[in-house]
Every structure is written in structure tokens, then in C-alpha cells.
Amino acid sequence: MVANITDGVSFDTDDETELILESIDEFIEREVEPIVEELGDTYTNPRKGHHENGRWTDELLAAREEIRRKSAEAGFYAMNLPEDAGGDGISPVTWYRAKKHLASHGGGLERYVLAGPEGPKPLLLQAEGDQREKYLEPVVRGEKSTAFGQTEPGVGSDSPNMETTAERDGDEWLINGRKQWITNAPYADFVQLFARTTPQEEVGRYGGITCFIVEEDEYEIGSYNNAVGAEGSQAEIVLDGVRIPEDRVLGEVDEAFYAAMEFLSLGRLELGAEAVGYSEYLLEEAGEYVTEREAFGEPIGNFQQVSAKLAKGKAKTYAADAAGLKLAWKMAQNERTIMDSSVLKWFATNVLWEVADAAVQVNGANGLAEESPYMDLVHQARILRIVEGTDEIQLNTIAKTMGITE
């Protein structure tokens, strides 16, 4: 029997998605660009946009919050969430295309038009009763922001071995520990914080972990983790005898790690989309440069060593985009996507790394300038190869699905 060719993933952008992308462009022009223009070098000069410890200035923080709130009002910010949670329930394919399209603008303040680490993720959909009204709904509306507190100083990819603990004390939980490299921690209204509540030897490696809603005035911000390219975005969280009431357990006690693993593919889909979008932006910018910049009496794009770098980048970006669309389509069909998400995360972020390096190279010394877009995206490319699972973790996962390793 011959399969219907319309049953697979479509590489065409449907009319509804096209309208969404056009509307996002209009929103950026109407709402985001005036904010960037008003900020001036407070935004473009990293020395003016951050305090001494790395924290964003009040002006930058207010701009980010304004964009997020206005985007939510326009219906873009969390449109991938179900309608009963305040979203539009758009498909993973449309969300992938929207995330990629946004990144193709270059990764400035427009990134806050669509929810990122500070916004509502599926894990927060476990909120029940008063939790929905107090935490989920304000984040969906862009009125509050959150953070995902899992990584620790000595525990990165091996998160089940976290040392942060939560012990019952009457009707409360007593939490002690430290989290590090937590995106949006300095500015979040609350953190979705993971802690071990039952020892591994009693429930196994992945059991015994619970997620708690911890409000901003209940934990301390330690050092700012000023990774190059993400200055002011991440910080250490310190919890010293923090008491949390029972009604702030998010989801089921001891089951948080399993719940988080269910949503890994979405995070990797989003990062893959960003990587592809950034690559497309860099290729367009670098392509314009090499056709205009002349050396030895002709455009440098005519030289094979230059054109080949961008042509290879285009070919690999094309392939990464196809991988992203396939993953999004499989997610829409509720199919198993462990290998697909790892393939996309590893491949797309490494392609971006290569494309960003090529863009700098063909621009010569201009590519190294602090104010150029190229070095910013080199830094972003390096970050994306680590967050949401390192290159090594992705390759390990792929090898396991192949049956090569245990």
C-alpha cells in the first residue's frame, strides 16, 4: 500500500503560521524597536547596561518586562500553551517556526517576545488551585517571571545527584542547598526549585526529587554567574533553612524529575530553533558583506575560501532546519522523541558554532569588533552547546538509542 504523501511533515509554512510570523514582525517594529532606540547605548554597550556585579540596569530590566507584558497582551508570548492555561494551543511545528523566525532577527531584546527560560513551561502546568492564580496565570500574562532551579555548583548534567535537600517539618518543608547558573534567578518572582526529598537508596536514582515554588524573598542571590554573552542573566541561589508550606509543592512529591524529563524535548526544540534562526541571520549578514567588500579588485565572495565557508554553513543550516521540523512534527503526533531532540540539540547548536565562527572569519578584523553582531552570537553559540544538556550528554543519549551503550 502506498502511503499518502500528505501524512508526513510539511516543509511549507501554512497560512495561519505565516500570519503569525508577519504579526510578530509588525509587533517588533511597533513595540520593540522604539524601546531599543530609546535605550541607545545603554543597550548596545555592555559596560553601560550592567552594574558592577553584572546585574542588569533598571532601564534594561524594565524594557525586558515591558516587551514581555505587551507581547502577552498581543497573544504571542505563551501561545504554545494550552488554551485553558491562557495560551492559544498552537502546534509544536508553529512554535518551532516562530522561535526560529524570532532568532533570525539577531537575538536582541526581541527574544522576549516569545517565552524563554523566564516564562511558563509545561512543568508549571502542574499548578493546581491557588497556584494557578498566583503563579501560572501571571507568568502567562507576562506580569511575573520565573526560573528553573535545578543545576548545582558540583552537579551539572548529573542532576539526580543534587545535594539540595527538603525535609518535612510539620506542615512545612525545610530546604537547604545551593543552585548555580540559574537563568533569570536575579529577577524572578519565584523559582521552580528541585530538591531531594527521599534518599536515592530508598527510591532509586531518579525518584525522590520534588519541585517547590520558592518566592523571591525566601532565597538569597549569591554570586552572579557572568558567562560571556549572558552577563547578568544567571546567578547562584542560596537556601539556608528556607521554610516552604505544603501547598507550594508543584506536582507530586518525589516525582519531579520524571515530570521534568517529559518536557526535555520542548526545551531542545526551542534551542534548536534559536540556533537555526541565528545561523540564518549570520549567513544573511555575512553574505551581504562578502558581496560588497572588495579585495584585489573584486568582491571577496568570489574567492573560493570565502564562499565555501558560507555555502557549507547554508547546507548545514538547511539540514538542521529539517531536523527541527521533523522533531516538531513528531512531538505534534505525541511520538517518542528522545533521540530526535538530542540530534537536533547537538547538530543545530554545533552548526551555529561553525557558522558564527565563519561569519567572524570572513569579516576579518571587523568581525572581532565589540559592537558587531558576530561576536555576540559566537558567545550565544557557545552557551547553547552547554545549556539543556551538553554536547556530550546529547551524543551519549543518541548512542543509547542506537543500542551502542547502556
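These legends describe close-up views of a predicted model.

Local features need pLDDT of at least 70 and side-chain atom pairs pLDDT 80 or more, while totals for chains, interfaces and linings use all residues. Residues are numbered from 1 along each chain as its sequence is written, and side-chain values use heavy atoms, without hydrogens and water.

**View A. Gln 180 in strand S3.** Strand S3 spans residues 172-183 (strands are DSSP E runs of at least two residues, helices H or I runs of at least four, both numbered from the N terminus). Gln 180 is buried at 17% relative accessible area (buried is under 20%, exposed over 50%, partly exposed in between; 1.4 Å probe, protein chains only). Its C-alpha atom is 4.2 Å from that of Glu 236. Beyond four places in sequence, Gln 180 has contacts that include Thr 151, Pro 153 and Asn 225 (heavy atoms within 4.5 Å).

**View B. Glu 236 and Arg 178.** Their side chains form a salt bridge, 2.9 Å from N to O (a Lys or Arg side-chain nitrogen within 4 Å of an Asp or Glu carboxyl oxygen). Glu 236 sits in strand S7 and Arg 178 in strand S3, so the pair links parts 58 residues apart in sequence. Glu 236 is buried at 8%; Arg 178 is partly exposed at 42%.

**View C. Lys 100 and Asp 321.** Lys 100 is buried at 13%. Asp 321 is buried at 14%.
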